[in-house]
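Please open the model in a viewer and keep the sequence panel in view. The stops below proceed from the ligands to the packed helices.

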Amino acid sequence: MILVTGGAGFIGANFVADWLANHAEGIVNLDKLTYAGNLENLATLFDDPRHVFVRGDIGDRPLVDRLLDEHRPRAIVHFAAESHVDRSIHGPAEFIQTNIVGTFHLLEAARGFYERQAATAQRAFRFLHVSTDEVYGSLADDEAAFNEISPYRPNSPYAASKAASDHLVRAYFHTYGLPVLTTHCSNNHGPYQFPEKLIPLLIVNALAGKSLPIYGDGLQIRDWLYVGDHCRGLRRVLAAGRPGETYHIGGGNQRSNLEVVHTVCALLDELHPRPDGRSYAKQIVHVADRPGHDRRYAVDAGKIADELAWRPTENFASGLRKTVCWYLDHRQWLAGAQSGDYRQWLDINYRQRQP
Ligand code: NAD
Ligand code: TYD
């Protein structure tokens with residue numbers, strides 16, 4: 001079995017389902033259930049005896065030690081994090097606590113467990129750290145995409161906290177020989193993404209007749225990847241990645257935020273037209289920009305393609321269509337995600353941005 005952290009969040013929940021559909025091995029899923037963790041994301045798995053959910057903090061050393069000794073996982077896949085840039089601007093403390101201190105405690109527990117294993121179990125053991133392209137900072141329009149040796153230049157408290165965790169993971173390989181793998185993925189979209197992030201937020205607001213807030217000029221570029229392709233890439237890295245190496249996972253789909261919002265609106269116009277027959281694009285509003293907003297991210301995924309034969313199966317149009325269809329078909333999930341905490345966040349983040 002493997003131990004997954006943060007498996008009730010967006011990518012983690014997709015990964016758990018994808019894993020159980022493709023492997024006989026079970027999963028212990030450790031998640032604190034912060035505002036971003038949602039047991040509804042795992043609802044289809046609760047009858048599967050291979051899935052053991054444990055509510056808890058990656059920083060709770062006695063708990064993690066107990067889980068490791070009890071379940072003896074052959075790998076840890078570490079998703080748990082505070083993950084939203086705008087929240088990191090309003091309140092960075094949680095990001096330092098979970099992403100840096102929490103990862104440190106998890107690494108310490110993993111190191112202790114690894115050192116207690118026999119040589120054969122040690123050879124098979126992996127610690128897969130799921131990181132982001134945001135640690136590299138911002139690219140100019142004419143710069144080549146980030147590769148695995150690009151320098152770290154994080155610009156937000158979120159990116160800085162992920163960068164710090166990457167450094168700790170690297171150090172545990174070089175200092176203690178813990179067999180780590182690190183992946184840096186570009187922006188994901190797909191089922192179960194908390195609607196504070198751009199694409200589900202646009203869908204929620206569009207359907208509610210609210211404005212579609214675009215920060216600044218909307219010409220910032222992200223490299224979008226369908227979450228299912230990310231999960232498949234993580235399985236490849238876990239299966240065949242070389243310990244101590246880092247791998248980029250990206251969609252090769254660079255799009256400006258304006259292109260994203262217009263594509264989402266066009267899909268909604270087709271699949272769920274507004275009652276008045278007008279386009280959802282009428283709801284687009286430019287609002288105050290994010291402080292320190294990175295202009296462009298893009299990752300070169302050549303290494304994982306060459307070494308591990310991974311390539312995305314969805315392009316931007318096909319992936320985004322799947323995503324929009326999923327939210328249209330899961331209106332109850334969307335309603336459930338918009339709790340009191342969510343409404344409070346909208347107030348904090350958007351009230352002072354009004355044009
Ligand atoms: P998310 O915010 O949707 O989910 C995070 C999960 O971690 C939640 O279920 C939450 O309850 C859990 N968690 C938070 N703190 C915890 C703690 N202290 N102990 C245990 N569980 C805790 O995030 P996501 O978008 O699914 O991202 C998952 C990982 O992938 C993160 O590490 C993120 O940095 C990375 N990543 C995300 C993207 C993206 O586009 N979303 C892209 C690249 C990398
Ligand atoms: P987001 O989904 O928060 O991901 P990240 O900041 O990690 O890339 O944002 C994606 C892009 O969309 C980013 O350039 C910020 C922008 N954005 C908006 O324009 N409006 C919004 O309401 C949000 C949440 C994001």
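How far is an oxygen atom of ligand 1 from a polar backbone atom of Asn188? The distance is 2.9 Å, a polar contact in the sense of a pair of N or O atoms within 3.5 Å (within protein, one must be able to donate a hydrogen and the other to accept it, and residues adjacent in sequence count only if both atoms are side-chain atoms).

Before continuing, note that this is a predicted model, in which local features need pLDDT of at least 70 and side-chain atom pairs count only at pLDDT 80 or more, whereas totals for chains, interfaces and linings use all residues. Residues are numbered from 1 along each chain as its sequence is written, chains are lettered from A and ligands numbered from 1 in the order in which they are written, and side-chain values use heavy atoms, with hydrogens and water left out.

**Ligand 1**

Select the residues around ligand 1, where a residue is near if one of its heavy atoms lies within 4 Å. There are 28 of them, and Ile11, Asp31, Ser83, Tyr158 and Lys162 come nearest. Tyr158 has an N or O atom in its side chain 2.7 Å from an oxygen atom of ligand 1. Next, display Ile58: a polar atom of its backbone is 3.0 Å from a nitrogen atom of the ligand.

**Ligand 2**

Move to ligand 2, which has 18 residues around it; Glu134, Arg222, Arg290, His293 and Tyr350 come nearest. A polar side-chain atom of Glu134 lies 2.5 Å from an oxygen atom of this ligand. Leu198 places a backbone N or O atom 2.9 Å from an oxygen atom of ligand 2, and Pro213 places one 2.9 Å from a nitrogen atom of ligand 2.

Helices here are DSSP runs (H or I, at least four residues), numbered from the N terminus. Axes are lines fitted to C-alpha atoms over the stretch in contact, with angles from 0 to 180 degrees between N-to-C directions.

Select H7 and helix H9 (residues 257–271), which pack at about 45° with their axes 10 Å apart. H7 is therefore oblique to H9, since angles under 35 degrees count as roughly parallel, over 145 as roughly antiparallel, 65 to 115 as roughly perpendicular and the rest as oblique. The contact (heavy atoms within 4.5 Å) involves Leu198, Ile199, Leu202, Ile203, Ala206 and Leu207 of H7 and Asn257, Val260, Val261, Val264 and Leu268 of H9.

On the H7 side, Ile199, Pro200, Ile203 and Leu207 make the contact; on the H11 side, Leu320, Thr323, Val324, Tyr327 and Leu328 do.

**Helices H2 and H4**

Finally, select helix H2 (residues 61–71) and helix H4 (residues 93–115), which pack at about 35° with axes 10 Å apart. Show Arg61, Val64, Asp65, Leu68 and Asp69 of H2 together with His105, Leu106, Glu108, Ala109, Ala110 and Phe113 of H4, the residues that make the contact.

How values were computed
Helices (H or I, at least four residues) and strands (E, at least two) are DSSP runs, numbered from the N terminus.
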